[in-house]
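Please find below a note for a colleague who is new to this structure. The points follow the display.

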Amino acid sequence: MKITKIEALENIANEIRVDIIEQVYNAQSGHPGGSLSCADILTVLYFNQMNIDPKRPNAKERDRFVLSKGHCCPALYATLAEKGYFSKELLKDFRKLESNLQGHPDINKVPGVDMTTGSLGQGLSVSVGMAISSKMERAGCRIYCLLGDGEIEEGQIWEAAMSASKNKLDNLCAILDYNGLQIDGTVEDVGGLTDVKEKFASFGFNVIEVDGHNIESLINAFNITKQKKGMPSIIIANTIKGKGVSFMENEVSWHGKAPNEEQYKQAISELKLKHFTN
Amino acid sequence: MNNENKIATRQSYGEALADLGEKNENIIVLDADLSNATKTNIFAKKYPNRFINVGIAEQNLLGIAAGISTYGKIPYVSTFAVFAAGRAYEQIRNSICYPNLNVKICATHAGVTVGEDGATHQMLEDLSLMRTLPNMIVISPSDDTQTRWVIEEISKIKSSVYVRLARLATPIIYDKKQKFEIGKGIQHGNGTDATIFATGVAVSEALKAKEELAKQNINVRVVDIFTIKPIDKELIIKCAKETKRIITVEDHSVIGGLGSSICEVLSESYPVKVERMGIEDTFGKSGKAEELLKYFKIDKDAIIEKLLS
């Protein structure tokens, strides 16, 4: 069922953020920064855009989602649980021994996970393979692939981009979580990543730039990509790493660190406050 | 063995693949700008809509194949062994083996028998790299008949498979009635003076050596270990018990390939001395394939010399 009310979607995104913090705090391990930055994108995809049914997670005609930046799986797990793929109770075991919620997503362990990811740079090629297959079978699926900005320093991304364009994969929509930070600093300083729009445009993509935390803008952008024929699309989502938790926002140190008890309480109270004011 | 009628396993692969395409519509073939050399061009001509050329981008090649396999299709992926098992190793590990996807990697131009291209293109570590991966079956066919059987058989198995193919034309060893089974070696003869375990192009060299040695009253058996993983432990132990010497021969590094696999089995279950013949912790070099077999001491004459020593 599609949710169209912006406030309702904003509340879901906020709920996902709470669950991200809960998971990373419980595990005392994980990646909060990049998970928080993509919460709105995942919300729009799973609650407004994608043709999916949590009761039929393997349905052939379903749309696919590949979390190429696999370390941000707390956001994906929270989204899937919120959508009803599995019980929210399971989120407590994230990253623990014998849990299905591994440190990076596993296609064989979690209903709703469409591809095992974690090693950066590989998800777009897999998505290209899915998009080609869907076209061959006339299955009508759309394939969504979420990329990290640091991740696109990997050469394989550009190999895949070339293939997407060559094969005219208009059923493929990549999303760049452009929060500007990677482990060692800014994407400009560390990898020399600049002119992202121009790069993808020159590789033959339909490029749309949006505020990655504006639900309405994201919905509009995804709707535009569905109309574009003959070429793949990428939504450059300008985001804030750590979005929603004041002391995590734009702080590179929160890339892969768990909050202590005090920080956890503050983060949850900030997020709960937002929920009610919405 | 027919010494007159020679064919490279890459050629057998290309022809078998085109035949398989007719029987099974789910077969999709991918290549990275080497289809003329890997022989996937035969399939490409016949089924252009089921052939994907990704260009010179092997990491992407394996990733796209992984994605295609999630749709229930059976991708057969080809490039040279050094670019598949080497360059795209981590894609094979994380996007194919770990998620346990059904991708067939048929890599050609393995070993020094690549010839003139030299060390950069002579993959000597692929068996080693591929057999350490969980969920991976590793096959190294020795002749035309076996290769054709393997290519069809693996389409029926839901697992990732690595098939190691050669550029050099080698004799046809098996007739069409020969029965094969994945994971089972093929024993040639019952000689008790030695067992020569061989794989790939080395099998025909071992068989030639066996014939000549018989004339000197040295009776060896040759075992074609065409499945490197899962390996035929039972047959290896049986031969170690029944014969006086154990020798392994392969067009691959002596580290990590057939020789190492045999050592692992025997050291655990029936410790005996194992003499490994292969490429000795070094890179290959340019030359004619036959010259290189001789140079690196993995040809018939080197095997005979070893047995006489």
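1. Basis of the note. This is a predicted model, in which local features need pLDDT of at least 70, side-chain atom pairs count only at pLDDT 80 or more, and totals for chains, interfaces and linings use all residues. Residues are numbered from 1 along each chain as its sequence is written, while chains are lettered from A and ligands numbered from 1 in the order in which they are written.

2. The sheet of chain B. An open sheet of seven strands, with mixed pairing, runs in the order 3-2-4-5-7-6-12 in chain B. Strands (E, at least two residues) and helices (H or I, at least four) are DSSP runs, numbered from the N terminus; two strands pair if DSSP finds at least two bridges between them. Strand 3 (51-53) and strand 12 (227-229) of chain B are the edge strands, each pairing on one side only. From one strand to the next, the twist averages 20°.

3. In chain B, strand 2 (residues 27-31) pairs with strand 4 (residues 74-78) in the parallel sense over five bridges. Within strand 4 of chain B, Ile74(B) is the residue opposite Ile27(B). Helix 4 (residues 58-69) of chain B packs on the sheet and touches strand 2, strand 3 and strand 4 of chain B. The direction of helix 4 makes about 170° with that of strand 4 of chain B; axes are lines fitted to C-alpha atoms, for helices over the stretch in contact, and angles run from 0 to 180 degrees between N-to-C directions.

4. The two chains. In all, 20 residues of chain A are in contact with 21 residues of chain B, contact being defined as C-beta atoms, placed from the backbone, within 7 Å. On the side of chain A that touches chain B, helix 5 (123-136) and helix 6 (155-166) of chain A each supply at least two residues. Helix 5 of chain A gives the largest share of that side, eight residues.

Key: Two residues are in contact if their C-beta atoms, placed from the backbone, lie within 7 Å.
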